[in-house]
Amino acid sequence: MSTTDTTSGPGSATTTVVPQGMTEKRLPRWAPLAVTAAALVVALLVTLPGKTTVAGVAVITALLAVAGTWLLSLVVEGGRQATDRLVTALVTVAFLIAMVPLVSVVWTVVEQGAARLDADFFTWSMRGVVGEGGGALHAIWGTVLVTVATTIISVPIGLLTAIYLVEYGRGRLARAITFFVDVMTGIPSIVAGLFAIAAFTLILGPRVRFGIIGAVALSVLMIPVVVRSCEEMLKLVPNELREASYALGVPKWRTIVKVVLRTSIGGIATGVTLAVARVTGETAPLLVTVGSTVGTNFDLFSGRMATLPVFSYFSYTQPGVPPEFSIDRAWTAALVLIALVMALNLVARLISYFFAPKAGR
């Protein structure tokens with residue numbers, strides 16, 4: 001759409017085409033913020049004194065802001081831009097609603113867990129401690145050891161399975177593996193724990209509880225995540241790189257090791273890190289496979305081990321007398337666990353940033 005401006009002069013005529021978009025009216029950038037501020041003021045005024053709640057004010061403000069932005073845009077910019085602004089406002093409101101539970105959980109855990117976030121919490125276990133004091137050193141070491149064992153079990157199996165599916169897999173076997181990986185991705189975590197404890201009970205007898213069983217249970221949850229992430233990263237490697245390697249007489253296995261894996265190492269490392277973060281906070285499998293203890297145990301193949309999720313669970317559900325000290329430790333353990341998962345996600349982001357293929361190489 002455009003407008004035409006014709007200027008006549010002695011012996012000549014000039015025609016200028018002006019795009020219509022250049023002449024349309026636009027709201028200033030600060031208009032949506034101004035409408036939102038006005039909506040907030042109106043929401044505070046219409047809410048009855050003494051009955052004002054944050055949730056009620058937020059809901060009224062969101063409704064008035066969306067309606068006000070749409071109406072103002074309809075009057076000034078027209079129906080098409082008004083529809084665009086309406087959809088943008090709805091998407092923004094949906095994003096903010098989705099952020100509410102996350103912010104609420106993080107805020108609550110930080111507020112409740114900061115009280116015991118001291119040196120003793122990271123240097124003492126619960127052996128011989130009743131009531132005040134103690135820490136989660138034994139649970140931190142147990143979480144680290146079980147997670148490392150899970151990673152050692154899961155990464156080779158998951159990576160080799162992904163390589164087979166992308167580079168070699170054809171026919172019924174590949175389709176069956178893909179199907180079972182999809183099924184394993186959706187199984188409940190407690191089922192993985194029951195599977196691991198049942199398998200070791202058949203081999204070693206009843207009442208067995210030690211760290212490697214928990215690692216096996218978590219591997220059932222971690223392997224399909226590793227397979228899926230590695231498979232997608234391997235598929236992103238251009239076939240031209242493989243063909244160029246084959247043209248030089250390089251065997252297939254060496255092409256995979258030297259070309260395919262090196263090209264996709266950043267994405268693979270990111271996927272593995274996210275998979276580790278996914279299983280670090282699991283509680284149900286460790287509850288039935290590893291159990292809990294008050295002392296530090298570094299042996300994955302003998303005796304019960306404490307882990308941060310289980311330590312937080314038992315500290316909150318079985319606090320003892322007086323209960324407030326144990327509950328404080330439970331909140332702090334949850335805070336440390338959230339910080340650990342967030343750190344792993346940050347590491348995954350950094351790996352993806354630094355190891356991703358750069359343009360122009």
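The structure holds six aromatic pairs, where rings of Phe, Tyr and Trp (its six-membered ring) pair if their centres lie within 6.5 Å, with planes under 30 degrees apart counted as stacked, over 60 as edge-to-face and the rest as tilted. This is a predicted model, in which local features need pLDDT of at least 70 and side-chain atom pairs count only at pLDDT 80 or more, while totals for chains, interfaces and linings use all residues. Residues are numbered from 1 along each chain as its sequence is written, and side-chain values use heavy atoms, with hydrogens and water left out.

**Aromatic pairs and a charge over a ring**

- Trp 141 and Phe 298 form an edge-to-face pair, at 5.4 Å centre to centre and 70° between the planes.
- Trp 141 belongs to helix 6 (residues 137-168) and Phe 298 to the loop between helix 13 (284-289) and helix 14 (308-317), so the pair ties together parts that are 157 residues apart in sequence; helices are DSSP runs of H or I with at least four residues, and strands are runs of E with at least two, numbered from the N terminus.
- Trp 141 counts as partly exposed because its relative accessibility is 36%; buried means under 20% relative accessible area, exposed over 50%, and partly exposed in between (1.4 Å probe, protein chains only).
- Phe 179 and Phe 180 form another edge-to-face pair, at 5.5 Å centre to centre with 70° between the planes.
- Phe 179 counts as exposed at 52% relative accessibility, and Phe 180 counts as exposed at 52%.
- Lys 252 lies over the face of Tyr 168, at 4.6 Å from the ring centre; a charge sits over a ring if NZ of Lys or CZ of Arg is within 6 Å of the ring centre and within 35 degrees of the ring normal.

**Annotated span**

- The UniProt annotation "domain: ABC transmembrane type-1", from an unreviewed entry, covers residues 140-348; such annotations may be inferred rather than shown by experiment.
- Residues 140-348 are 78% helix and 0% strand, and the end C-alpha atoms of the span lie 21 Å apart.

**Leu 71 and Leu 287**

- Leu 71 lies in helix 3 (residues 54-76) and counts as partly exposed, at 46% relative accessibility.
- Leu 287 lies in helix 13 and counts as partly exposed, at 29% relative accessibility.
- The C-alpha atoms of Leu 287 and Ala 58 are separated by 40 Å, and these residues are 229 residues apart along the chain.
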